[in-house]
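Okay, thanks for having me up here. I'd like to walk you through one structure today, so please have a look at it while I talk.

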Amino acid sequence: MVFRATRLTGQIQTPTGPQTIRLSAEEIDPIVQWKVKPADESVTSDTSANIDSDLAGFILKASQLYAIEGYLFYIQNTGDLQVIFDATAAPQSSAWTLLATDGNEVTETDHLPNIESGKILNNITDNLDASLQLSGIIQTHATDDAVLNFLWAQGSSSANATTLRAGSWIRVTQLDIVS
């Protein structure tokens, strides 16, 4: 049997001819998990960070090392966006770095020594398309598997919407630990 996979579709060669099947990214490569936001999502008058319905649910195995990368597109009318990661089992160690732009220039950079440290981006010009590039690393709990979720909200409550745009993505990759 020959298996050839490209992105989210695959083809299996059988005795009766090729059969096309649809596969998730995790079925193609279980070491790399991708999440992509299919539609815009807006928040108004809310500073309580909630789990994103599309950019969450990354399965992390115990005692493993993972790289986290992502690119988020957003527009806000409040001047800020709050972002945070949460793991269901406390990691042994973690850190992440972010780079924010307001469409014209880099407006903020930061390094957070813990993946579960939240960040409010407050140097964004209102009503501009903005982006947030993030990268990080997490050494998972020694004995417990975990689920990693991305959460977000407004940094300051406003009746004007903060919108996370379609096409925003996060990728989590399991890395080999070589002793």
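**A walk through the fold**

Let's start with the surface: the chain has about 9300 Å² of accessible surface, and carbon and sulfur atoms make up 50% of that. Keep in mind as I go that this is a predicted model. In terms of secondary structure, you're looking at 15 strands and 1 helix. The chain runs to 179 residues, and 41% of them count as buried. Now the contacts: if you take those with a separation of 6 or more, 75% come from residues 24 or more positions apart.

Okay, the inside. Nonpolar side chains in soluble globular proteins tend to be buried together. Here the largest nonpolar core has 29 residues, and the ones that touch the most other members are I68, F85, F150 and I170. Which strands supply at least two residues each to this core? That would be β6, β7, β8, β9 (93-101), β12 (129-139), β13 and β15.

Let me zoom in on I170. Leaving out residues up to four places away in sequence, I170 touches a whole list of partners, including L55, F58, I68, L72, F85 and F150. Some of its other contacts are Q33, W34, K35, E69 and G70.

Next, β8, which covers residues 81-87. Is β8 mostly covered or mostly open? Mostly covered: 5 of its 7 residues are buried. Its partner is strand β13, residues 146-153, and the two run antiparallel, joined by 6 bridges.

Setting aside neighbours within four places in sequence, S42 is in contact with W152, A161, T162 and T163. S42 sits in strand β5, residues 41-43, while T163 is in strand β14, residues 162-164. The side chains of S42 and T163 make a polar contact of 2.6 Å. How far apart are S42 and T162 in sequence and in space? They are 120 residues apart along the chain, but C-alpha to C-alpha the distance is 5.5 Å.

And the cover on those two? T163 counts as buried because its relative accessibility is 11%, and the cut-off is under 20%. S42 comes in at 48%, so S42 counts as partly exposed. Apart from residues up to four places away, T163 touches D40, E41, S42, F73, Y74 and I75.

Side chains of opposite charge can pair when their charged atoms come close. Across the whole structure, a search finds 5 salt bridges. E41 makes one with K37, with the closest N and O atoms 2.7 Å apart. K37 makes another with D52, this time at 3.0 Å between the closest N and O atoms. K37 is in the loop between β4 (32-36) and β5, and D52 is in strand β6 (residues 50-60), so this pair ties together parts that are 15 residues apart in sequence. Bring in D54 as well, and K37, E41, D52 and D54 are linked in a salt-bridge network.

So are these residues buried or exposed? K37 and D52 are both buried. For K37 the relative accessible area is 1%. E41, at 25%, is partly exposed.

There's another salt bridge I'd like you to see, between R171 and E69, with the closest N and O atoms 2.8 Å apart. R171 is in strand β15 (residues 169-175) and E69 in strand β7 (residues 65-76), so here the pair ties together parts 102 residues apart in sequence. E69 is partly exposed, at 30% relative accessibility.

Most residues other than glycine have a negative phi. S45, though, has a positive phi of about 50 degrees, and it is not a glycine. You'll find S45 in the loop between β5 and β6, partly exposed with a relative accessible area of 45%. S63 also has a positive phi, near 55 degrees. S63 is in the loop between β6 and β7, and at 33% relative accessibility it counts as partly exposed.

That's my tour, so over to you.

Key:
Residues are numbered from 1 along each chain as its sequence is written. This is a predicted model: local features need pLDDT of at least 70, side-chain atom pairs count only at pLDDT 80 or more; totals for chains, interfaces and linings use all residues. Side-chain values use heavy atoms; hydrogens and water are left out. Buried means under 20% relative accessible area, exposed over 50%, partly exposed in between (1.4 Å probe, protein chains only). Helices (H or I, at least four residues) and strands (E, at least two) are DSSP runs, numbered from the N terminus. Two strands pair if DSSP finds at least two bridges between them. A polar contact is a pair of N or O atoms within 3.5 Å; within protein, one must be able to donate a hydrogen and the other to accept it, and residues adjacent in sequence count only if both atoms are side-chain atoms. Contact means heavy atoms within 4.5 Å. A salt bridge is a side-chain nitrogen of Lys or Arg within 4 Å of a carboxyl oxygen of Asp or Glu. Accessible areas come from the Shrake-Rupley method with a 1.4 Å probe; for residues, only the protein chains shown count as cover. A nonpolar core is a set of buried Ala, Val, Leu, Ile, Met, Phe, Trp, Tyr and Cys residues joined through side-chain atoms within 4.5 Å.
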